[in-house]
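Have the model open beside you as you read.

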Amino acid sequence: MKALSKEQIIEALNHDLIAELSAVEMYEAHAKVIPADVIVQGVRAILSVEEGHAQELTKRIEELGGEPALPGGVATIAGRAVGAASAQARTVEMLKLELGEEQQAIKDYSAQIADIVDDEDTVRLLEKHLQDEMEHARWLKAQIPAQEERG
Ligand SMILES: [Fe+2]
Ligand SMILES: [Fe+2]
């Protein structure tokens, strides 16, 4: 049986937090340049959910006695670079990049939920995030074919 220790849980939550902060930067960059209104609305809605995720992870890490990663810290520079590099890309390329991030988040949250055995509060939080990421992935998957046809 695998069971994450408290230190490993804090480490995993900080990994999630950095990914969420990077996602916020990516969605912000894309919301500024995506031309189609209906897409922008969807991207903004996801963005605000990711901001909530980052806040909740920060709070949980503090409750567990850990040191949460900070927005704009060195750790999220990768997210800014991705956001900047892709800001000029076509809408469909942005959506694919975003779907890739959501797919990774679904895998990470699922693995952590499986491996945390004695911290029900953290598991509940991660289950909620997983549910949100699955909705984001579903929405992105639905947008991509139509955007691809527009070319
Ligand atoms: Fe998220
Ligand atoms: Fe998401």
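Leu13 touches Leu57, Arg60 and Ile61, leaving aside residues up to four places away in sequence; two residues are in contact if their C-beta atoms, placed from the backbone, lie within 7 Å. This is a predicted model, in which local features need pLDDT of at least 70 and side-chain atom pairs count only at pLDDT 80 or more, while totals for chains, interfaces and linings use all residues. Residues are numbered from 1 along each chain as its sequence is written, and chains are lettered from A and ligands numbered from 1 in the order in which they are written.

Leu13 also features in the largest nonpolar core, which has 29 residues: Leu13, Leu17, Leu21 and Tyr27 touch the most other members. Such a core is a set of buried Ala, Val, Leu, Ile, Met, Phe, Trp, Tyr and Cys residues joined through C-beta atoms within 7 Å. The elements giving two or more residues to this core are H1, H2, H4 and H5, and H1 gives the most, with 13 residues. Helices here are DSSP runs (H or I, at least four residues), numbered from the N terminus.

Now for the helix pairs. Two packed helices are described by the angle between their axes and the distance between the axes. Axes are lines fitted to C-alpha atoms over the stretch in contact, and angles run from 0 to 180 degrees between N-to-C directions.

| Helix pair | Angle | Axis distance |
|---|---|---|
| H1 (residues 6-33) and H4 (residues 91-115) | about 165° | 11 Å |
| H2 (residues 37-63) and H5 (residues 120-150) | roughly 165° | within 11 Å |

H1 and H4 are therefore roughly antiparallel to each other, a label for angles over 145 degrees. Their contact is made by Ala12, His15, Asp16, Ala19, Ala23, Met26, Tyr27 and His30 of H1 with Met94, Glu98, Glu101, Ala105, Asp108 and Gln112 of H4. By class, this contact has seven nonpolar, three polar and four charged residues; Ala, Val, Leu, Ile, Met, Phe, Trp, Tyr, Cys and Pro count as nonpolar, Asp, Glu, Lys and Arg as charged, and the others, Gly among them, as polar.

H2 and H5 are likewise roughly antiparallel to each other. Among the residues that meet are Ile39, Gly42 and Ile46 in H2 and Thr122, Leu125 and His129 in H5. The contact of H2 with H5 has five nonpolar, six polar and three charged residues.

Terms used:
Parallel < 35°, antiparallel > 145°, perpendicular 65-115°, else oblique. Buried ≥ 20, exposed ≤ 12 C-beta atoms within 10 Å, placed from the backbone.
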